[in-house]
Amino acid sequence: MKKGVITAISAVLLIFSLNIRAQNQQSEIDSLVNKMRTAGREWNTYAEPLIKIGEPAVAALIENARDTSLSLWNRRIIMTTLNTIHSEQWVEPALEILFDENEAPEIRNRTTAGLSGFDLSHVNTKLWELFSGFENQFYKSNIAHLLLSADTAMAYRAFYELYQTQDGHIQRNALQKLAFLRPGESTNWYLNALQGEDWMTANLAIDSLISASSLNADLLLSVYYLPDIDEEVQWRIVYVLSQRINSANIPFFCEALKSESWLVRTESAIALTKLNKEEVLKQLVVLQNDSAEVVRNNARWVIRELNNSY
Amino acid sequence: MTKTILTLVMLLPAVCFLQAQHSYKHQLPTVSSEKLIKAPACVNEKPDLPSPVVSDGSREFILFKTAANKYTCMDVTVENGEPFDYKQGLSGKGNQLKADGEDFPHFAETGIHTTEELANAKTITGLSVAKITVDARPWGSSGVGFVADDETIMSVIWADNQTVEKLGLTHPDMARPLFHFWNAMHYQEQYNAEQEPDSCLQLASFFYNGKELEFKVQGSRGWQESIFNDEILGTGHLEIWRELTDEEQEFLNEKYKYLSAEQMKQLKKELSYLHTGEMVLFYINRYGFYEGHNEYRVDPVTVASLFGLKSINELHQSANGDLYGYFIAHFTENPE
């Protein structure tokens, strides 16, 4: 009997203390969210504890994210906090804001980080329409990322368009996603990017081709020998092949040593020093007596480097 | 044994200093320490002192004028210091004396390259010179680039090496005045960080080989990565300028009277104004690289003119009597 009374009292006390804790947490949330409504640069001071609280803070944050009477800045920092918590509760309200044409574009765009990774297949057509309607390349890129979890065919179309029309980070990222969505087409995409003008995108293609588990060198050489090909594109091909270290490419590197391009012949000379000494020396003998001084000098440099390395 | 190692470690800074001194052809005058008014102390009258000047054994000083028209000498010694790394928020002096002896042993020893050494350099810091060139061209690792579209890393290093050699100077001679200026800015920033606003040091101009130079320093957001495989980063804009003297103006007006007004204006600007970032200071000392023809280039002739390392006539002679042609021509020939 005594035991039963003690258990009952303990249970009541526990419920009571949990209730007090919940009330304390709610008042902490209300106080922090209230500060977020007017916060300036110090907003992280309030956002960090809210992120730590996580799910219980989401409802109050959503209510304020929807509050159009707040300044754009304060809505943005509230949305950023919600995006970091990354709660499923935020998905539908975020989609409502994203599709609301009366909202400012930067507010609509802000929701995208909170939506990534969630199944958005039910709004695939609306996302595509949004992608087509936006002009800002960064907003378009963010919507393209959402399409990855909505409709992969549409995502492919979106990244295809971004790859063809943009440069820098956006194009580089589009290339990455195109190769991810269609692995069978990846080599062709990388070959295409090797011939592009964007340094960042070409570098991704170079790194990807260097680390590819298998690579048909003939595909690269067919680009190398295209008429009127830019010397920098030729250099990229020599660079990729030189990093993959394959003695089958020795004849190509010897040929490239005679290129008119300084970039190409310099990279070829370096490539030859990484390959089998005997085979390289055998094929370089002729070039030591080439009519062009730069060819002779580069051939001699390779020979000297190879002899010094043993 | 332990004692010997300890002695060697203690001697290391002195050895580094001596090594750097060996690479300098332009020697600095010395004065006794008592004559210097060392920052933050200031005087109202301009002291009768050479600037730059060596004192206290091996410390290097330059004379500054403050915004309040007072004068002070600042210790701006070029030396290796604490790390300089924007990424980690470290603002030491960095490796100001380091030269790339692995790729350029002769350069590290003498402060000047040989053509043979440059012709044999197919890699720098483990990166192929072709890759460095591609990264260095406009819209590579930076919008404006480190060399022009028609230049390579080696064509630029080679051409500037010939210029510096013709001037009878070394690359450390070129880097030193720039580091002197940079170190003063560094000192001012660190000193002011610990002061109340009304007691901050506001440097306005400085004196170098008899010339008074003005300057402006601005930071920017983020940082620029190096094109070499090294720790060098950049974020600042440094501008230094001075008025050409009457003699210099007369000399140019006489020798270059065939230039149009616009061309003459450009020539005078090249000889009296410099805009760059802090990366180049380290690049000059480490690789003999001044950047190619872009807005950050530190032309050796500009440095020699601006800081009074050579007279206008000597510069004219070094450019084979065509300074204007020298400044506008890109470096397209490679050492091979």
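## Terms and conventions

Two residues are in contact if their C-beta atoms, placed from the backbone, lie within 7 Å. Residues are numbered from 1 along each chain as its sequence is written, while chains are lettered from A and ligands numbered from 1 in the order in which they are written. The model is predicted: local features need pLDDT of at least 70, side-chain atom pairs count only at pLDDT 80 or more, and totals for chains, interfaces and linings use all residues.

## Confidence

The predictor assigns the complex an ipTM of 0.85 and a pTM of 0.86.

## A residue in chain B

B:A175 is part of helix α6 (residues 171–193) of chain B; helices (H or I, at least four residues) are DSSP runs, numbered from the N terminus. B:A175 counts as buried because 29 C-beta neighbours lie inside 10 Å; the cut-off for buried is 20 or more other C-beta atoms within 10 Å of the residue's own, with C-beta atoms placed from the backbone.

Apart from neighbours within four places in sequence, B:A175 is in contact with B:L281, B:I284 and B:N285. Between B:A175 and B:S226, which are 51 residues apart along the chain, the C-alpha separation is 18 Å.

## Where the chains meet

Chain B gives 14 residues to the contact and chain A gives 14 residues. On the side of chain B, helix α4 (residues 129–136) supplies the largest share, 5 residues. That side of chain B has 4 nonpolar, 7 polar and 3 charged residues. Here Ala, Val, Leu, Ile, Met, Phe, Trp, Tyr, Cys and Pro count as nonpolar, Asp, Glu, Lys and Arg as charged, and the others, Gly among them, as polar.

## Domains of chain A

Chain A is assigned domain 1 (1–116), domain 2 (119–214) and domain 3 (219–310), with bounds from an automatic or database domain assignment. The C-alpha centres of domain 1 and domain 2 of chain A are 34 Å apart.

In chain A, 7 residues of domain 1 are in contact with 10 residues of domain 2. On the domain 1 side, α5 (91–99), α6 (105–110) and α7 (112–115) of chain A are the elements that give two or more residues. By class, that side of domain 1 has 4 nonpolar, 3 polar and no charged residues.

Technical notes:
A residue is buried if 20 or more other C-beta atoms lie within 10 Å of its own, exposed if 12 or fewer, and partly exposed in between; C-beta atoms are placed from the backbone.
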